[in-house]
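Here are a few notes to read alongside the model.

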Amino acid sequence: MKGLKGFLVVALAVSLWGCKGSGGSGDSGQSFNLEPLKPFTGVSDWTTQGGGPAHSGYVAVTLNPADFTPRWSVDLPPRSTAGCGETFAFTCVYLSGAVTDSANGHVILTTDSVSQTADSDTNDITLLSLDEKDGSVAWSVTGFPLSSDSLDTDEFSAPAIGAGRVYFSYYVNSPFSPTSPALEAFDAKTGAKTFLVNPPCASPCGDAYKVTGLAVSGSFVYAGDPVSAYDAGDGALLWTAAGGGSDPSADPQAVYYALDEDSTANTALVTLDAASGSSLFQVTGAHES
């Protein structure tokens, strides 16, 4: 999830609604393509990590690399990442995977401004929605109560979109407040918060809790450790299954997840009924590594 530092060139929107040409200039003074975006027939939004609730990354189109040109670029403050990764003091910006919202013409991602000094480290998370036409900010949300004493722990998910909402999960891990997971939803057009819920923990919440990727399928949102299902409209907890591990994948009938490598059970893949959470079947074998 983490890795790109402070600078975003969006090719994702171009890959799903792409066209070629020359046009206006972006923030850096370069020439960018600002021709109207044209949708591919039958291609859906990139709604979460891996493209959709199956997390397969598969898009049923054939693309010609010669047809790609930059559309726009934006700087994400703080732009300077000098000293990023040094031992004692630095500030870095990391980006999550982006999702697309063709209904509103937005590209949505999370940015993580990580600062470390000799005395403390903090994560300043922003949920950011950019206009796919020119990269301008459509809306942003900040102030998530996430403060970490470990810069190596993934404590928040990439966003996911569905049912007119953007979903985002994170883990409140602060020495000054109770530790707990959180799942929030925001109106995809305006960024207004629609609900905040606290997912259950497999055991007493603590540093072992794992923030997973999200899967939005139909009227359900699936997330967490343990795997749980929520109503996509109001966040009501519908069911919780025993165990967790990988990011859950989903289709209209079932939810799938792999047990993590710390599990002692002789089970590698668990399949649950999407509506009830009841067990459908399990596959035994080696765990994920």
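1. A definition to begin with: buried means under 20% relative accessible area, exposed over 50%, and partly exposed in between (1.4 Å probe, protein chains only). By that rule V166 counts as buried, because its relative accessible area is 0%. V166 sits in strand β9, residues 165-172; helices (H or I, at least four residues) and strands (E, at least two) are DSSP runs, numbered from the N terminus.

2. Some ground rules for reading the rest. This is a predicted model, where local features need pLDDT of at least 70 and side-chain atom pairs count only at pLDDT 80 or more, while totals for chains, interfaces and linings use all residues. Residues are numbered from 1 along each chain as its sequence is written, and side-chain values use heavy atoms, with hydrogens and water left out.

3. On confidence: pLDDT is the predictor's confidence in each residue, from 0 to 100. The protein chain has a mean pLDDT of 76, with 67% of its residues at 70 or more.

4. What surrounds V166? Setting aside residues up to four places away in sequence, V166 touches I108, L127, W139, P159, A160, I161, E184, A185, F186 and A188. The C-alpha atoms of V166 and I108 are 8.5 Å apart, although 58 residues separate the two along the chain.

5. T110, in strand β5 (residues 106-116), is also worth a look. T110 is buried because its relative accessible area is 0%. Beyond four places in sequence, its contacts include Y94, L95, T126, L127, F156, P159 and F168.

6. Now the hairpin. Strand β18 (residues 269-273) and β19 pair in the antiparallel sense over 4 bridges, where pairing requires that DSSP finds at least two bridges between two strands. V270 has Q282 of β19 as its bridge partner. Between the two strands lie 5 residues, and G277 in the turn has a positive phi of about 80°.

7. Which residues make the nonpolar surface patch? L269, L280, F281 and V283 do, over about 320 Å². Strand β19 (residues 279-283) gives the largest share, 3 residues. L280 lies in this strand, β19, and counts as partly exposed because its relative accessibility is 46%. For reference, patches are made of residues with over 30% relative accessible area and no salt bridge, with like charges joined within 9 Å and nonpolar side chains (Val, Leu, Ile, Met, Phe, Trp, Tyr) within 5 Å; a salt bridge is a side-chain nitrogen of Lys or Arg within 4 Å of a carboxyl oxygen of Asp or Glu. Accessible areas come from the Shrake-Rupley method with a 1.4 Å probe, and for residues only the protein chains shown count as cover.

Note on methods. Contact = heavy atoms within 4.5 Å.
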